[in-house]
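Q: I'm new to this one, so please take me through it slowly.

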Amino acid sequence: MPFTRISILKGKSPDQIRAIADGVHHALVEAFKAPLKDRFQIIEQRTAETLIYDKDYLGIERTDDLVVVHITAGRWRDTAQKQALYRIICERLSVDAQVRPEDVLVYLTLNDKDDWSFGNGIASYVPNDASPS
Amino acid sequence: MPFTRISILKGKSPDQIRAIADGVHHALVEAFKAPLKDRFQIIEQRTAETLIYDKDYLGIERTDDLVVVHITAGRWRDTAQKQALYRIICERLSVDAQVRPEDVLVYLTLNDKDDWSFGNGIASYVPNDASPS
Amino acid sequence: MPFTRISILKGKSPDQIRAIADGVHHALVEAFKAPLKDRFQIIEQRTAETLIYDKDYLGIERTDDLVVVHITAGRWRDTAQKQALYRIICERLSVDAQVRPEDVLVYLTLNDKDDWSFGNGIASYVPNDASPS
């Protein structure tokens, strides 16, 4: 159920991009208990003029290696799970994709069980009654 | 009030893309009672490396014809309306755009009446009092 | 904490694009009291076929100069602050970027304090306890 949009500056190799996407998904599996197969991701590669970021907001030194991770997921996670998610994403991106923890920005948009249809025209996470609107 | 972002892989014809966009909007009009003129849509055409999807999550067989539909809309719809939305999107995309129902992924982000301004610097769906912040 | 995605049609100059991005950020600082350094923005430049809009929904005459502003921000703003935001964005874009108020569409997605990590794997706006999930 998570849907992830990752935005980076152009210039990273396909291997590094794949490692970033893998790392984010791994963190969702570990921290949010997302099923391993529940993987849907978009990667945006942007020019410097179209990805504007502050270089030291909150005292964190960011570089052009910035990785912006926007995750849409169900709202039934608590603060501790979100904290674990942020921590594991940073660990994975640092170890597997050579991204500095300072360069990892994550934000979440949360929704509900009936906000997802993974195919066949059915709300995937609620009982399917055939009643039309 | 819905704002729709449709993400597909490159390679579809302009006619098929337009039929997909038309079909999604039609479903919003029918299931969510969106006004016919309330149509605002972005279509993203992506390379295979930048649109990652699982080929059989929840037992649904997806192909490179995958259509990801992300709709932002007001939260005053109930589960039955959402179910109708998913069903009608699939019907339309199947009939009008030759997209298999298995290849239609829809997810919703819901917000409130005061979260929309359609122009002129005014919150379009709440009474407009001139009080500044 | 706001994250802003601005979508426009191709053809605007880099100076005008920068003025649009500056104006939106200024409005967030003024109306939402966002810190000046809390600036993170993506600008999408789209072809006409991939940015579909209605030319007069709600009686507002839109042109290809349309600027779609999608802001993700914390939900602790009230309606008056949102109204101020829409008004100031339009003022700024009109004065500084020659965008007509009719061509400014803004919508908001709101989330919570623990939905943001600005780096280092930590939830930036909540107390950081080291408890793993």
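A: Helices (H or I, at least four residues) and strands (E, at least two) are taken from DSSP runs and numbered from the N terminus. This is a predicted model, in which local features need pLDDT of at least 70 and side-chain atom pairs count only at pLDDT 80 or more, while totals for chains, interfaces and linings use all residues. Residues are numbered from 1 along each chain as its sequence is written, and chains are lettered from A and ligands numbered from 1 in the order in which they are written.

Q: Okay, let's start with a helix: what does α2 of chain A lie across?
A: Helix α2 (residues 79-97) of chain A lies across β4 (67-74) and β5 of chain A, together with β6 of chain C. Helix α2 of chain A runs at about 140 degrees to β5(A), where axes are lines fitted to C-alpha atoms, for helices over the stretch in contact, and angles run from 0 to 180 degrees between N-to-C directions. Being in contact requires that the C-beta atoms of two residues, placed from the backbone, lie within 7 Å.

Q: And that sheet, what's the order of its strands?
A: It is an open sheet of six strands, ordered β3(B)-β2(A)-β1(A)-β4(A)-β5(A)-β6(C), and its pairing is mixed. The edges are held by β3 of chain B and β6 of chain C, each with a single partner strand, so one side of each is left without a neighbour in the sheet.

Q: How many bridges join β5 of chain A to β6(C)?
A: There are two bridges, and strand β5 (residues 104-111) of chain A pairs with β6(C) in the antiparallel sense; at least two bridges found by DSSP are needed for two strands to pair. Val106(A) has Ser117(C) as its bridge partner in β6(C), and Tyr107(A) stands opposite Trp116(C) in that strand.

Q: Switching topic: how many residues of chain A are in contact with chain B?
A: On the side of chain A there are 28 residues, and they are in contact with 35 residues of chain B. At least two residues of that side come from each of α1 (14-32), β2 (40-46), β5 and β6 (116-117) of chain A, and β2(A) gives the most, with four residues.

Q: Which elements of chain C touch chain A, then?
A: Here 28 residues of chain C are in contact with 35 residues of chain A. On the chain C side, the elements that give two or more residues are α1 (14-32), β2 (40-46), β5 (104-111) and β6 (116-117), and β2(C) gives the most to the side that touches chain A, with four residues.

Q: Why do the copies meet through different surfaces?
A: Only 4% of the interface residues of chain C are also interface residues in chain A, so these copies meet through different surfaces. The figure for chain A against chain B is likewise only 4% of the interface residues of chain A, so that those copies also meet through different surfaces.

Q: What rotation puts chain C on chain A?
A: A rotation of 120 degrees, with 0.0 Å of shift along its axis, superposes chain C on chain A with an RMSD of 0.0 Å. The two copies are thus related as by a three-fold rotation axis. Superposition here is by least squares on the C-alpha atoms of residues with pLDDT of at least 70 in both copies.

Q: And how is chain A laid on chain B?
A: Chain A can be laid on chain B by a turn of 120 degrees and a shift of 0.0 Å along the axis, with an RMSD of 0.0 Å.

Q: Which residue of chain C comes closest to the rotation axis?
A: In chain C that is Thr109(C), whose C-alpha comes to 4.5 Å from the axis. Among the residues of chain A, Thr109(A) comes closest to the rotation axis, with its C-alpha at 4.5 Å.
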